[in-house]
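Colleague: I am new to this structure and would like a close look at one part of it, the place where two of the chains meet. Could you walk me through that part?

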4 protein chains.
Amino acid sequence: MHRIDDFCSIIDKYKVIFFDAFGVIKNYNGIIPGIHKTFEYLEEKGKEYYIVTNDASRSPAQLAESFHKGGLKFIEADRIVSSGMLTKEYLDLKVRDGIVAYLGTTNSAHYIETSGLHTLPVSEINDTNFDKVNALIFLDDEGFNWFNDLNKAVNLIRKRPIPVIVANTDKAYPLTASDVSIAIGGIAAMCESVVGRQFIRFGKPDSQMFMFAYDLVRERMPISKHEILMVGDTLSTDILGGNKFGLDTVLVLTGNTLPKDVDTRIIATGIIPTYVCESAVIDPAKNLF
Amino acid sequence: MHRIDDFCSIIDKYKVIFFDAFGVIKNYNGIIPGIHKTFEYLEEKGKEYYIVTNDASRSPAQLAESFHKGGLKFIEADRIVSSGMLTKEYLDLKVRDGIVAYLGTTNSAHYIETSGLHTLPVSEINDTNFDKVNALIFLDDEGFNWFNDLNKAVNLIRKRPIPVIVANTDKAYPLTASDVSIAIGGIAAMCESVVGRQFIRFGKPDSQMFMFAYDLVRERMPISKHEILMVGDTLSTDILGGNKFGLDTVLVLTGNTLPKDVDTRIIATGIIPTYVCESAVIDPAKNLF
Amino acid sequence: MHRIDDFCSIIDKYKVIFFDAFGVIKNYNGIIPGIHKTFEYLEEKGKEYYIVTNDASRSPAQLAESFHKGGLKFIEADRIVSSGMLTKEYLDLKVRDGIVAYLGTTNSAHYIETSGLHTLPVSEINDTNFDKVNALIFLDDEGFNWFNDLNKAVNLIRKRPIPVIVANTDKAYPLTASDVSIAIGGIAAMCESVVGRQFIRFGKPDSQMFMFAYDLVRERMPISKHEILMVGDTLSTDILGGNKFGLDTVLVLTGNTLPKDVDTRIIATGIIPTYVCESAVIDPAKNLF
Amino acid sequence: MHRIDDFCSIIDKYKVIFFDAFGVIKNYNGIIPGIHKTFEYLEEKGKEYYIVTNDASRSPAQLAESFHKGGLKFIEADRIVSSGMLTKEYLDLKVRDGIVAYLGTTNSAHYIETSGLHTLPVSEINDTNFDKVNALIFLDDEGFNWFNDLNKAVNLIRKRPIPVIVANTDKAYPLTASDVSIAIGGIAAMCESVVGRQFIRFGKPDSQMFMFAYDLVRERMPISKHEILMVGDTLSTDILGGNKFGLDTVLVLTGNTLPKDVDTRIIATGIIPTYVCESAVIDPAKNLF
């Protein structure tokens with residue numbers, strides 16, 4: 001039986017904390033009750049923290065706004081690292097002109113627009129602009145007609161030798177306590193298999209997510225990987241990625257990994273967190289005195 | 001360079017011929033010009049033939065009717081073996097009562113209805129009939145709303161421990177000379193990956209397709225596998241499956257495998273047909289005299 | 001919680017029983033205590049039975065001999081269907097002359113020798129006979145030098161466009177109560193991935209194994225699939241294959257599936273046996289009166 | 001047809017060049033003739049360069065020595081980034097005490113020894129030290145008995161919940177002009193599949209390799225990804241990894257990608273290099289005047 005550790009005693013040992021968003025500080029019901037105390041504690045103690053999330057459906061500013069509405073007033077946009085930001089950086093560096101076709105909501109696309117590039121939903125690709133498409137991005141599972149636009153995307157990929165980017169590697173996400181939704185990562189994997197090509201994927205467990213956050217920290221202060229803690233609810237993304245990047249890791253049991261399954265899952269996957277905690281909620285009253 | 005063989009000389013050596021349908025006797029334009037001569041020749045010579053197809057969207061009777069309309073008057077329903085027939089046999093043997101939920105057109109579902117079972121599109125599953133669903137079948141890529149019904153299907157599979165059957169293993173099919181459509185086999189693979197389970201798949205290259213046809217032949221006459229020839233356009237289904245079942249195989253170049261790619265594909269895949277022919281069309285004038 | 005059924009009452013309902021060998025009638029310690037009573041009961045009741053095994057390391061005669069030594073006097077060679085037999089049938093039908101190179105013991109190779117074909121261990125392939133090699137078979141994990149002969153096999157496959165056959169699909173097998181051994185199926189999968197080709201695999205869950213046994217039964221008596229029961233210890237081979245072939249299935253808990261894991265594994269895999277029994281051992285004293 | 005670019009004109013546009021080793025600056029015959037001129041040119045022009053290699057069989061010092069012997073006198077150890085270095089960093093950060101078991105030569109293991117950790121070949125693991133093993137590393141395909149030690153490693157992984165690290169992701173490497181050798185990455189993938197767990201892999205195309213080199217550059221000078229060029233011979237590692245990290249990339253045709261296949265492979269994989277060059281050898285006589 002894996003030992004359950006006290007979250008507050010753990011964070012006291014680190015200078016910087018990385019948090020996954022979904023399953024750690026919020027879930028399908030909204031902000032996790034009491035989690036604001038954790039961020040108040042971090043502010044009080046002068047510890048740095050970042051949100052490292054596979055969410056590409058909204059910009060950091062929009063994500064921050066949703067945290068503020070839920071009572072997490074401290075979390076600003078510049079504390080948020082999303083797989084969508086890596087997508088944007090990729091486009092800035094590698095796709096210099098033309099059209100970026102996308103599957104997702106207008107909202108998700110607005111955020112990747114950069115100077116010189118024009119974003120267009122796959123539904124609006126036609127004979128007049130087909131040859132100008134220089135990249136295709138899988139952004140979000142909503143905002144398009146799956147039958148029409150996935151078939152259109154598959155044929156676009158077959159005919160144009162362009163990079164195809166998947167801005168979120170998750171296959172599914174929780175919709176309610178009992179239901180999931182197919183995520184854009186799962187849809188992209190289907191298209192990848194149909195066309196027999198390898199797409200470019202951004203998101204945990206890939207190191208690039210952690211490196212992006214690590215670089216942000218290093219711009220503010222000198223830091224060693226030893227001094228950073230990654231907190232997540234999913235073994236195969238948060239913990240595997242954090243471990244591989246060289247960080248200590250905390251698995252919390254408020255999301256994808258249920259308390260009753262934790263031992264079995266750790267043994268079955270061989271993905272071993274440094275610590276296991278019930279949640280990322282701390283009780284400062286208990287812990288400070 | 002692989003030798004191109006004469007189709008007519010080859011079929012003279014066998015008693016029974018199995019034909020794939022799509023890419024061999026028809027394509028997106030309809031019946032392949034001249035293919036009727038092949039079937040006239042087979043009738044004249046008294047050779048048995050069967051159509052062995054991964055098409056589960058229509059019943060054998062409907063498939064036969066489409067051949068008749070295209071001028072292939074000899075091909076009757078009892079000569080057609082489809083992956084849909086294996087699905088029907090599975091349901092007869094293994095699902096004794098309750099509802100069979102499906103993704104596909106009403107047409108495709110009508111054909112799998114059997115006494116004792118009630119078929120229902122996934123869109124009509126609700127709280128009142130959820131617990132009576134005893135199987136889910138992926139039949140066809142049309143006839144349902146992908147977004148709504150695929151998400152609904154994924155959650156059904158997660159909650160009900162029922163067999164999930166994929167009636168067509170193809171990932172894509174040609175729609176025009178230049179475009180493909182995502183097939184139900186590709187959609188099913190996405191759902192399989194999202195729920196982390198292994199579905200039951202019917203269709204070439206699986207041996208069960210060939211065994212079904214082989215059993216039909218044996219009911220009419222004593223036969224050895226040596227005396228049967230499989231004719232197909234796809235290395236990974238028709239030729240791999242035929243070879244593994246112990247049949248001699250002909251790859252024809254009127255479908256998925258283009259003349260310019262044939263040597264590369266054979267070497268890259270290691271799937272080696274006994275013969276390669278331009279098409280399954282024979283010219284009796286040339287061959288008989 | 002899955003109901004545990006009484007094995008004897010179940011077999012009373014069927015005319016023919018198929019048994020997996022390893023984990024059902026024997027394990028690493030030898031014959032499972034008491035299993036002889038089951039076969040005595042079947043003989044007494046006049047029920048047909050077959051052993052359907054992924055073991056290609058020995059011939060049916062040798063397998064039968066090992067059963068006799070363990071006290072299972074009734075099980076004759078003609079009751080045994082092995083993946084090695086499918087390999088032999090494949091060679092008979094598809095490889096008409098030349099050398100069949102193999103990885104495995106001399107014992108395993110002797111058994112696949114057929115008229116017209118010459119078997120040779122991979123270690124003895126050299127410049128003088130390289131061009132005569134017309135097939136390569138992965139037979140057994142013992143009897144060869146892994147480093148030398150696997151590298152040699154990989155280069156043979158890269159240079160000769162020959163069929164490569166895997167005579168046992170298992171990735172590992174139990175060696176003691178706590179240890180496993182890498183099986184030839186796992187080794188073959190590595191070579192397949194290194195050369196990027198698709199090998200021909202024989203063994204459960206593939207239908208061809210069940211069809212071979214089904215054909216043997218039909219030679220003796222008219223039978224429907226409804227009247228056949230498959231008994232196995234492994235969900236992903238015995239139960240998946242049996243279900244797909246249309247047979248009723250019993251999962252026994254004396255091998256790969258432990259009593260404590262049975263519910264979790266059935267739900268996680270979605271492979272649902274018709275029945276679950278503690279073992280295939282019956283107590284006729286209890287069951288007959 | 002992909003345009004073949006002039007290597008010298010390309011490097012003039014960048015401040016820093018990353019080179020793959022095998023297939024770019026050396027091959028199975030030793031150092032590629034004329035490649036020393038490229039490094040003389042880079043030195044003369046004051047451009048920074050790094051060797052980014054999936055080779056974990058030797059330390060940077062040993063790799064540098066082999067370059068010196070081949071006439072590449074400028075390439076020092078501090079210019080070399082190997083997947084072995086990432087493995088060493090991982091151990092420093094994440095495995096604080098105990099034994100690190102390994103598969104590979106003594107040479108490869110010496111290099112990962114760090115204070116506080118004791119390395120031991122898998123062959124020397126026994127009952128007395130089994131419980132002290134805190135990590136297992138796949139380092140090299142030589143230096144151990146495949147049959148004995150791979151089986152031993154598989155059982156170690158099954159019983160000890162420890163991280164398993166693969167220090168080289170390649171599945172095979174060229175041994176001569178016509179032969180390949182199975183690499184430790186291929187062997188590790190087999191063990192991963194047998195135990196059903198996900199190992200930690202270091203090596204291109206993973207971003208961590210590029211980040212390690214990028215950090216080394218940034219310690220010396222301010223640099224943007226726009227100013228770095230990655231030169232490699234393999235689409236799936238060098239080019240995919242370089243592209244994803246945001247670098248411009250050159251595919252050279254002196255290694256894994258043959259001139260006759262380059263167009264087909266780029267289209268089939270969808271991995272598109274910024275440039276294609278015959279080799280990384282420049283002719284300064286031609287280019288400077």
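Modeller: Happy to! Let us begin with a word we will need: two residues are in contact when heavy atoms of theirs lie within 4.5 Å. Please keep in mind that this is a predicted model.

Let us look at chain D where it faces chain A. Here 37 residues of chain D are in contact with 37 residues of chain A. The size of an interface is often given as the accessible area lost when the parts come together. For chain D and chain A, the buried area is about 3000 Å², and carbon and sulfur atoms give 50% of it. Three residues stand out on the chain D side: Leu93(D), Lys94(D) and Lys244(D) supply 20% of the area that chain D buries against chain A, more than any other three residues.

Now for the charged and polar pairs. The count between chain D and chain A is nine salt bridges. One to find in the viewer joins the side chains of Glu89(D) and Lys225(A), with N to O at 3.6 Å. There are also 16 residue pairs in polar contact across the interface of chain D and chain A, both residues at pLDDT 80 or more.

Which elements of chain D give two or more residues to the side that touches chain A? They are helix H4 (83-94), strand E12 (200-201), helix H8 (207-220), helix H9 (235-245), strand E14 (248-252) and helix H10 (262-269) of chain D. Sorted by class, this side of chain D has 14 nonpolar, 11 polar and 12 charged residues.

Two copies of a chain are related by a rotation about an axis and a shift along it. Chain D is superposed on chain C by a rotation of 180° with 0.0 Å of shift along the axis, at an RMSD of 0.0 Å. That is the relation of a two-fold axis.

Chain A and chain C share no contact, and their closest C-alpha atoms lie 11 Å apart. Chain B and chain D do not touch either, with their nearest C-alpha atoms 11 Å apart.

Note on methods:
Residues are numbered from 1 along each chain as its sequence is written. Chains are lettered from A and ligands numbered from 1 in the order in which they are written. This is a predicted model: local features need pLDDT of at least 70, side-chain atom pairs count only at pLDDT 80 or more; totals for chains, interfaces and linings use all residues. Side-chain values use heavy atoms; hydrogens and water are left out. Buried area is the accessible area (1.4 Å probe) that two parts lose on being put together, summed over both. A salt bridge is a side-chain nitrogen of Lys or Arg within 4 Å of a carboxyl oxygen of Asp or Glu. A polar contact is a pair of N or O atoms within 3.5 Å; within protein, one must be able to donate a hydrogen and the other to accept it, and residues adjacent in sequence count only if both atoms are side-chain atoms. Helices (H or I, at least four residues) and strands (E, at least two) are DSSP runs, numbered from the N terminus. Ala, Val, Leu, Ile, Met, Phe, Trp, Tyr, Cys and Pro count as nonpolar, Asp, Glu, Lys and Arg as charged, and the others, Gly among them, as polar. Copies are superposed by least squares on the C-alpha atoms of residues with pLDDT of at least 70 in both.
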